[in-house]
Amino acid sequence: MDEQEKSDPAVVAMKPANKAERSVAEWVEPRAGTKGNADHEGSPRTQRRDQEMPGLARIRQAARRDKSSQLTALLHHIHRASLAEAFYALKRDAAAGVDGMTWREYEHDLSTRLKGLEDRIHRGAYHPLPSRRRMIPKAGGGERPLAITALEDKIVQRAVQTVLNAIYEEDFLGFSYGFRPGRSQHDALDALVVGIGQKRVNWILDADIRSFFDTVSQEWLIRFVEHRVGDKRIIRLLQKWLKAGVLEDGKVSVSEAGTGQGSVISPLLANIYLHYAIDLWAKQWCRREAKGDMIIVRYADDIVVGFEHEAEARRFLEAMGERLRGFALSLHPEKTRIVEFGRFAAANRMRRGLGKPETFTFLGFTFICAKTAAGRFLIKRKSRRDRMRKKLKDIKEDLRRRCHQRIAEQGKWLGQVVRGFLNYHAVPTNFEALRMFRRQVIWLWKRALMARGNRDKTYWNEIMKLAKDYLPTPRILHPWPEQRCAVKHPR
C-alpha cells in the first residue's frame, strides 16, 4: 500500500484481508489509469531526452565529462528528423516573417520541404532571411522591438538550439532560470522567496541591464560560443543569423551589436552571453569577497542579488558595473537600486526612525515585507499595478474592437484572457489582486455591453450571471514556494 492509499480512508476500507478468497479481491476498486493494461509494463509519462533526438545523450556526456573542451561534429545532428521535431515544436498561430509563410502552409508537402532545407544546410547554401520588426508596447511605457523571423529560420534555429542546449545545460549555473528546459518563471520566484527566507538576507540589489538584447556584442558572443562549440559550421550559422538584419519600411538594416529579441535562438544566446559575462564572475565574487550570506537569482537579463551586509551589496554593484562595461553592457541607472529588505528590515528601519521596508519587483510581482497572523516574517507577492493596468487597458481596447461579436463569443474570449492572467498570478498572498482584476474585467465588459446596446444601464445581476458562466473564479493555484522547492530540490 503506497502513501496515498494509507491516507485515503475510503481506499483502506476497501482493501481485502490478506488471506481472503479470490472473490473478495474482486471487490477492490482498480486504481485509476490501470484499466485494460494492468499486465503490461507502464510507459514513462514523458520520453527520455535521449529518445527525443538520437545523439543528444552522447553530446551531454561529452559536455559533462570535460567542461573545458570544444565539441566538434555537431552539424550532423541537424537532420530531417530533428528539423521535423523543431517544426512541430513551433507555435501554429505565430506571426509570419518576411516570407509570409505560415505554419499551416509549410506543413503541406512537409517532407519535401524539410529534405530541401536539410540539403541546403549541409551544403552551406542555407541563407536566412531578414527579420520583420514589430514594436510592442512596454508595461512601463515606451516600445520594445520584436524580431519576427521567417518560418524556415525558426525551424533551423530551434533544431540548433536543441543541440546547443545539450551542451550548455551542463554548464549553466543553478541560479540561472530564464528560458531553460524544465525551468520556469515560478521556479525563479520560488528560489528567490526561499533564499531570502532561509539566508540572512537584509539587502536586495535589484539590477536591470540597459537594452540588453540591443547592445550585446556579437564579437564577444561568438567568442563565448567558441569556448564550447568547435564545429565551424554551427558558428557560421550563428553568424548568418546575427548578420541577417531587420526589414523595416522596405529597407534592410544590419547592426554590429545585439541579437534579434523574439527570435527562437536569441534566449539561448543571451544565456550564453550572461553565463560568461555575469554568472561565472558572480560565483567567484561570492566565494572570494562575500563575508556574509549572499543569494543570486537571474532570469534572462533580470537579476536579483541578496546580501547580509549593505557594504558588500554596494561593492558588488560597483564591481558588477565595471564587469559589464568590459562586455559592452551597462546597468540601467533608474531601474537598478539597493533596498533594505528581509526578516529584520522592518525592525531595523523602525529603530533608525525610517518608514516601512522598501519593495522591489521581479517577474511581474512586487515583493513586500509582511508578517503572518502569528507574527512570523512573510514575503508577500502582489501583482504589479502597472502590469495589471496595462492588461486591463488592452482588454478595454479589445472589447471595443469586438463590440459587434455575440455575447457568447466575447465571453469565451474574455474567459481565456482572465484564465491566462490568473494561471500566472495565482500565487499565495495575491488573492486580493486576483479578485480585483476579475472585478475590473466584469466592469469593463458591462460598459462595453451598455455601449453596444445603447442602454442606460445593465443590471449587475445580468452581468454577474454572464461572469459566472464565462469567467473563471479566482483561486490560488500555485503552492507555497517552500513546498514546491522541497519537491523539485529534495536535498
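Which residue of β11 does Phe367 stand opposite? It is Arg381. The legends below take this pair and its surroundings view by view.

**View 1. The whole predicted model.** This is a predicted model, in which local features need pLDDT of at least 70, side-chain atom pairs count only at pLDDT 80 or more, and totals for chains, interfaces and linings use all residues. Residues are numbered from 1 along each chain as its sequence is written, and side-chain values use heavy atoms, with hydrogens and water left out. The protein has 21 helices and 11 strands. Helices (H or I, at least four residues) and strands (E, at least two) are DSSP runs, numbered from the N terminus. Of its 491 residues, 44% count as buried. Buried means under 20% relative accessible area, exposed over 50%, and partly exposed in between (1.4 Å probe, protein chains only). Take contacts between residues at least 6 apart in sequence: 69% join residues at least 24 apart. Contact means heavy atoms within 4.5 Å.

View 2. The average pLDDT of the protein is 86, and 87% of the residues score at least 70. pLDDT is the predictor's confidence in each residue, from 0 to 100. Over residues 1-51 the value is below 50. Beyond near neighbours in sequence, this stretch has 20 contacts in the model. Where pLDDT is low, the predicted coordinates should not be read in detail.

**View 3. The sheet β9-β10-β11.** Three strands form an open sheet in the order β9-β10-β11, with antiparallel pairing. Two strands pair if DSSP finds at least two bridges between them. β9 (360-362) and β11 (377-383) are the edge strands, each pairing on one side only. From one strand to the next, the twist averages 40°. Axes are lines fitted to C-alpha atoms, for helices over the stretch in contact, and angles run from 0 to 180 degrees between N-to-C directions. Strands of a sheet pair through backbone hydrogen bonds, either parallel or antiparallel.

**View 4. The β9 and β10 hairpin.** Three bridges join the antiparallel strands β9 and β10. Phe360 stands opposite Phe367 in β10. Two residues lie between the strands of this hairpin. Leu363 sits in the loop between β9 and β10. Its phi is near 55°, a positive value in a residue other than glycine. Most residues other than glycine have a negative phi, and most peptide bonds are trans. Leu363 is buried, with a relative accessible area of 12%.

View 5. Strand β10 (residues 365-371) runs antiparallel to β11, and seven bridges join them. Phe365 has Ser383 as its bridge partner in β11. Phe367 stands opposite Arg381. Cys369 stands opposite Ile379. Five residues lie between the two strands, and Gly375 in this hairpin takes a positive phi near 90°.

**View 6. Helix α21 and its cover.** In α21 (residues 481-488), Pro481, Arg484 and Cys485 are buried. Seen down the axis of α21, the buried residues fall within an arc of 100°, so they line one face of the helix. The arc is that of the directions from the helix axis to the C-beta atoms. What covers these buried residues includes α10 (185-198) and β11.

**View 7. Glu107 in helix α7.** Glu107 lies in α7 (residues 103-107). At 30% relative accessibility, Glu107 counts as partly exposed. Not counting residues up to four places away in sequence, Glu107 touches Phe87 and Tyr88. Glu107 and Phe87 are 20 residues apart along the chain, and their C-alpha atoms are separated by 8.8 Å.

**View 8. Ser211 in a loop.** Ser211 has its place in the loop between β3 (203-208) and α11 (212-215). Phi of Ser211 is near 45°, a positive value in a residue other than glycine. With a relative accessible area of 40%, Ser211 is partly exposed.
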